[in-house]
Amino acid sequence: MAVAVKTQNLPLIKKIRNIPKEEYYVPGHRTCAGCGPALQYKLVAKAAGPNTIFLGPTGCMYVANASYLCTPYAVPWMHTQITNAGAVASGVEAAYQVLIRKGKWEGELPNVIVMAGDGGSVDIGLQAMSGMMYRGHDALFICYDNEAYANTGIQTSPTTPYGANTTFTPPGPAIPEGKKLFPKDPPQLVIGGHPAVKYVATASVAYPVDLMNKVRKALNVQGPTFLHIHCPCPKGWKFEESKTVEIAKLAIQTGMWILYEWENGEYKYQHKPKEYKPVREYMKLQGRFAHLQEAHIAKMQAFVDAKLKAPGIPVEIPVPPPRAQA
Amino acid sequence: MAKEMVLSGCAASAQAAKMAKVEVICSYPIRPYTALMMELAKMVANGELDAEFIYGEGEHAQLSVVLGASAAGARVLTGSSGVGVTYAFETYSPIAGGRVPVQMMIADRALDPPGDFGSEHTDAMSCRDQGWLMGWAENPQEAFDNCLINYRVGEDHRVLLPQFVCQDGYFVSHIPGKVLLPDQSQVDEFLPPYTLPHPLDPKHPVSHGPQIRPDQGTIMDLQRAQAHLDAPAVIKEAIADFNRIFGRDYSPFVEEYMTDDAEMAFFIMGAHTMTARHAIKHLRSKGVKIGLVKLRFLRPWPTQEVAEALSKFKAVGVVETSTSYGGAMRGGNLLHEVRASLYDLPQRPLTTSFMAGLGGEMVPLKDFYYMAEILSKMIKEGKTKKTVHWVGFEAEA
């Protein structure tokens, strides 16, 4: 049986001035000033180019982006439920496999890209994402991580950091740190259980060339790939709109975010600081951590210290989970 | 050459899907519909059917996979039963509202609790108001035919609606019956290749399903409702063509059996129609003037056809194989729609409903005789005493 094989080789970008000028995520949307997710969307779309289909599960990048009659997508885009982006993407890819095989559509297999928030990736969307990875569909699943359910009014998600003040984890006398749980690790969830996946990377809006090259590498790979992109959210994290990139950089400098690629079982690091700054430097700029006491910040530092040893090594949570405490 | 075979409903549906040249299939196991997927999996493995066979990770994923594939331009099929049908519920409105004409074969199964393999229409009936075309097959032949008819109607650009193509679990899905398999050329003449006005195609970028404001919602609901108003004409065309090409004798919406001089009738859909026909033959031999009216499409509901068919009787017994707990009739849902269809008539028949075959129980001949007795009594008394009769569970009628 003939198989539609992707032959494209999107070239890597050397310098920021070589970034293509064409936009496939154009102005006209309604995201907040300083929106990290919108910034990465623009970069991802540029990197992917015109032969692309985006699947957009419910989340900020649906609700604030895709308003009727002024959607920002210059390539095909379809809304999916927050639950099922991975499955819908699987169907789109499968359709193109069969349509190309039967000669009903001519051209290179399109880049099928899921643009999911943290909830749509590793919370309610986890099952569909895992199904897509397991079955080996030639599609890229992006988790744009703004570390909360932001469009519904900043509720905790599985990637919301320990100690964050969200509307579901408000600090109070009984629960002084706000969020007591430590986050899931999305790339490790993908790497750990999906042998069909050959390329996984983390990226950040602070490093656009690195981000775009990871998109292109992921799209050049045949089979399912995953990108976890750090996207500061001024509204949810409570910082000034002008500081999105600064916050993103500080995350990397403090070890709160690690930039790496995982390719065929090998890890490679990017923009790894020679010396890490204390997490306090990152946290003090954000209102969501303003209520924390020294002991809480120390717990966060211990968590990050353990995590920095290497990606893929299980991190022991420095505090017992709430159920164990009870 | 067309050939006659003996096939179960599931096997017949699989043959129909193969002849419809379905391109993307998404499976997940649940009894009894699973047999459909097992047949299709064999066809793909044997190279008889060139389709992508995707193992969904659940029914919600099944519907999501075929939504994506259909929106990208492939003819698709999925299916389910019982709690599988309800697990996927979130996807039904987006698929119908997005006007993506996917086909889902439902082989009915009772909903939990507790676990029960038996057939009951409640699974599919619970999803009836999402905008899908919907109807039941009485036997494997009709299951085969309905697959093709629904693709033709649902994919028609004047309609563009997904289709629940239902058959009773076991009674149809697993009991073999005669099926006339047509020539591929007949199917090709009846069913044009699948096209979508605006598929997800990088050569012609479109956005599907952007966020709207509340004031933009009504028009979309109206359009979905309009598609159901436009569908009947397309169904009539399709049935006329189907009858011509395949030599069948279907009525588009309601079929009548022994109704010519009948005073009373059963109103029924699906597998138990077959038993009802036998019961009617027997009752006729005893001089009881009874017939039946079988519903072929539940959605769109053929209001006028139902009214016309039922208005000539003195009493109508609606055979319900689904529940509507706490509903106006205290029984199932069909009587609600039947009564609504009759409301504006100057002369209405007496109507009641019979809860029968719930949990997958057989509806034997004696149950139909019992129902006929109640209808006779209603005519004699000139009134409807009860709107619901739980057949086999009532001390007095």
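**Sheet and interface**

Modeller: In chain B, 6 strands form an open sheet with parallel pairing, in the order β3-β2-β4-β5-β7-β6. Strands (E, at least two residues) and helices (H or I, at least four) are DSSP runs numbered from the N terminus, and two strands pair if DSSP finds at least two bridges between them. This is a predicted model: local features need pLDDT of at least 70, side-chain atom pairs count only at pLDDT 80 or more, and totals for chains, interfaces and linings use all residues. Residues are numbered from 1 along each chain as its sequence is written, while chains are lettered from A and ligands numbered from 1 in the order written.

Colleague: What is the bridge partner of Cys26(B) in β3(B)?

Modeller: Strand β2 (residues 24-27) of chain B runs parallel to β3(B), and 4 bridges join them. Within β3(B), the partner of Cys26(B) is Ile54(B).

Colleague: Which element gives the most to the side of chain A that touches chain B?

Modeller: The contact (C-beta atoms, placed from the backbone, within 7 Å) takes 38 residues from chain A and 37 residues from chain B. Elements of chain A that each supply at least two residues to that side include β1 (52-57) and α3 (85-101). With 12 residues, the one that gives the most is α3(A).

Note on methods:
Two residues are in contact if their C-beta atoms, placed from the backbone, lie within 7 Å.
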